[in-house]
Amino acid sequence: MKKIIIALAMLTISIGANAQFEEGTKYVESAFNSIGLSYNGMEEFRFGAELKGGYFIEDQIMLNAVIGFNHFGKSMNQFVVGAGARYYIFENGFYGGVNVKGVFEKGHNDLMPGIEVGYAFFVNDKMTIEPAVYYDQSFSDHKNYSTVGLKIGIGLYF
């Protein structure tokens, strides 16, 4: 009996999550994309924040745009703008994403394609907590600017 109840609970959670990944759904996310949880060749400390908006063009496929800000311990600041896409692999919230970002700072501008893998954990029917692992590739200075890290976001699906 216990196994049946757990199976029904998991089915209910999966159905609720799937409804959020349908064509026409809108998405907004606020994310902290590292508080010392990333690595590249030049940083000692980094604090980053992003604001992302998206729209599901088909079931499980979202296009999005992002703006962001990064502050490094050396009092260097970066501004970020970009666009990307996500594909929700499973109906339970696992996703893979690709993006390209323009990074602008004093003395250095870069175009950085990136990938991410994450999970949308539904707190309720509209709000998620979304941890993700990401990698951003720098074309202008791979050693110092290419970054691998962890970000945690709060997303809203409506």
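The second largest cavity is lined by Glu50, Lys52, Asn64, Val66, Gly84, Ala85, Arg86, Val98, Asn99, Lys101, Glu116 and Lys151. Strand 3 (46-58), strand 4 (61-72), strand 5 (76-88) and strand 6 (94-105) are the elements that give two or more residues to this lining. The lining divides into three nonpolar, three polar and six charged residues. Here Ala, Val, Leu, Ile, Met, Phe, Trp, Tyr, Cys and Pro count as nonpolar, Asp, Glu, Lys and Arg as charged, and the others, Gly among them, as polar.

The model is predicted: local features need pLDDT of at least 70, side-chain atom pairs count only at pLDDT 80 or more, and totals for chains, interfaces and linings use all residues. Residues are numbered from 1 along each chain as its sequence is written, and side-chain values use heavy atoms, with hydrogens and water left out.

The volume of the second largest cavity is about 60 Å³, and the whole structure holds four cavities of 30 Å³ or more. A cavity is a set of points on a 1 Å grid over the protein atoms alone where a 1.4 Å probe fits but cannot get out; lining residues have an atom within 4 Å of a point. Points are joined across faces, edges and corners, and a volume is the space filled by probe spheres set on them.

The protein has two helices and 10 strands, in the order α-β-β-β-β-β-β-β-β-β-α-β along the sequence. Helices (H or I, at least four residues) and strands (E, at least two) are DSSP runs, numbered from the N terminus. Of the 158 residues, 40% count as buried, meaning under 20% relative accessible area with a 1.4 Å probe, protein chains only.

| Residue | Place | Relative accessible area |

Asn99, a lining residue of the cavity, touches Ala83, Gly84, Met112, Pro113, Gly114 and Asp136, not counting residues up to four places away in sequence. Contact means heavy atoms within 4.5 Å. Gln60 has a phi near 70°, a positive value in a residue other than glycine.

The largest nonpolar core has 10 residues: Phe21, Tyr27, Phe56, Met62, Tyr88, Tyr95, Ala120, Phe122, Ala132 and Tyr157. Such a core is a set of buried Ala, Val, Leu, Ile, Met, Phe, Trp, Tyr and Cys residues joined through side-chain atoms within 4.5 Å. Beyond four places in sequence, the residues that Met62 touches include Tyr27, Phe56 and Tyr88, as well as Gly84, Ala85 and Arg86.

Technical notes
1 Å grid on protein atoms, 1.4 Å probe; cavity = no way out; pocket = protein on both sides within 12 Å on 5 of 7 lines; lining within 4 Å. Buried < 20%, exposed > 50% of the residue type's maximum accessible area, 1.4 Å probe, protein only.
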